Amino acid sequence: MKKLLILALSLSASTLTLAQTVTYLGAPDTIDDNNLATPLCTTVTMPGSATVSSANFVQVDFAATHSWVGDLHITLESPTGTVIMLRDRGGVTGDSSNLDAANPISFFDTAANAIADIGANCTNTEIIGVDCPEVEFVPTEPLSTFNTEAAAGTWTLCVADGAGGDTGDLTSWSMVGDGSLPVELQTFSID
Ligand SMILES: [Ca+2]
Ligand SMILES: [Ca+2]
Ligand SMILES: [Ca+2]
């Protein structure tokens with residue numbers, strides 16, 4: 001009876017998956033105003049030997065202060081060197097609503113909202129995640145672009161501001177995986 005109980009617990013533990021997060025832990029840093037050519041780039045280093053898949057690399061969280069979210073242009077580069085666009089400012093005038101550090105936005109491929117619609121239900125002076133509920137977005141290019149690449153190594157998130165007048169700081173960002181990615185809290189560096 002005792003042996004059967006131990007076996008059941010062991011099987012349960014081996015199939016358990018837990019959300020894990022690798023996080024940029026730096027102090028807030030200014031995103032240069034109206035300067036797409038010089039983004040603020042920060043990195044996290046992921047240990048281990050896992051391969052990225054849609055099942056285990058699920059989300060990127062991004063927190064910043066900014067008085068015009070539509071100014072922001074955000075990319076993520078894998079250890080292999082593949083770059084995807086999370087939010088493409090391009091030449092388009094973006095939404096004027098605000099971000100604050102306490103209300104991060106999330107990118108994942110199955111989110112309910114297109115990133116192009118960020119801030120659509122907040123006014124110029126309102127805060128996304130406080131005054132309008134939409135904080136989960138499908139990135140401009142899918143995170144599944146990284147599928148089959150090695151997860152271990154340096155991941156780089158770059159954020160730039162593409163229009164003058166409104167400014168802000170990057171405050172933190174995270175990559176969220178499930179238990180099959182060997183992620184843990186990491187330090188960061190600024191290029
Ligand atoms: Ca708005
Ligand atoms: Ca604003
Ligand atoms: Ca700006």
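**View 1. The hairpin of S5 and S6 in a predicted model.** Five residues lie between the two strands of this hairpin. Gly 81 takes a positive phi there, near 110°. S5 and strand S6 (residues 83-87) pair in the antiparallel sense. Four bridges join them. Glu 77 stands opposite Val 83 in S6.

**View 2. Strand S5 beside S10.** S5 also pairs with S10, again in the antiparallel sense. This pairing runs over six bridges. Leu 72 has Asp 161 of S10 as its bridge partner. Is S5 enclosed or open? Five of its six residues are buried, so S5 is largely enclosed by the rest of the structure.

**View 3. The largest nonpolar core.** This core holds 35 residues. Which of them touch the most other members? They are Val 60, Phe 62 and Val 159. Several strands each supply at least two core residues, including S1 (20-24), S4 (57-66), S5 (72-77) and S10 (153-161). In soluble globular proteins, nonpolar side chains tend to be buried together.

**View 4. Val 159 and its contacts.** Leave out residues up to four places away in sequence, and Val 159 still touches Ile 31, Pro 39, Leu 40, Leu 72, His 73, Ile 74 and Leu 170.

**View 5. The whole chain.** One helix and 12 strands make up the list of elements. Buried residues are 30% of the 191 in the chain. Among contacts between residues at least 6 apart in sequence, 83% join residues at least 24 apart.

How values were computed:
Residues are numbered from 1 along each chain as its sequence is written. Chains are lettered from A and ligands numbered from 1 in the order in which they are written. This is a predicted model: local features need pLDDT of at least 70, side-chain atom pairs count only at pLDDT 80 or more; totals for chains, interfaces and linings use all residues. A nonpolar core is a set of buried Ala, Val, Leu, Ile, Met, Phe, Trp, Tyr and Cys residues joined through C-beta atoms within 7 Å. A residue is buried if 20 or more other C-beta atoms lie within 10 Å of its own, exposed if 12 or fewer, and partly exposed in between; C-beta atoms are placed from the backbone. Two residues are in contact if their C-beta atoms, placed from the backbone, lie within 7 Å. Two strands pair if DSSP finds at least two bridges between them.
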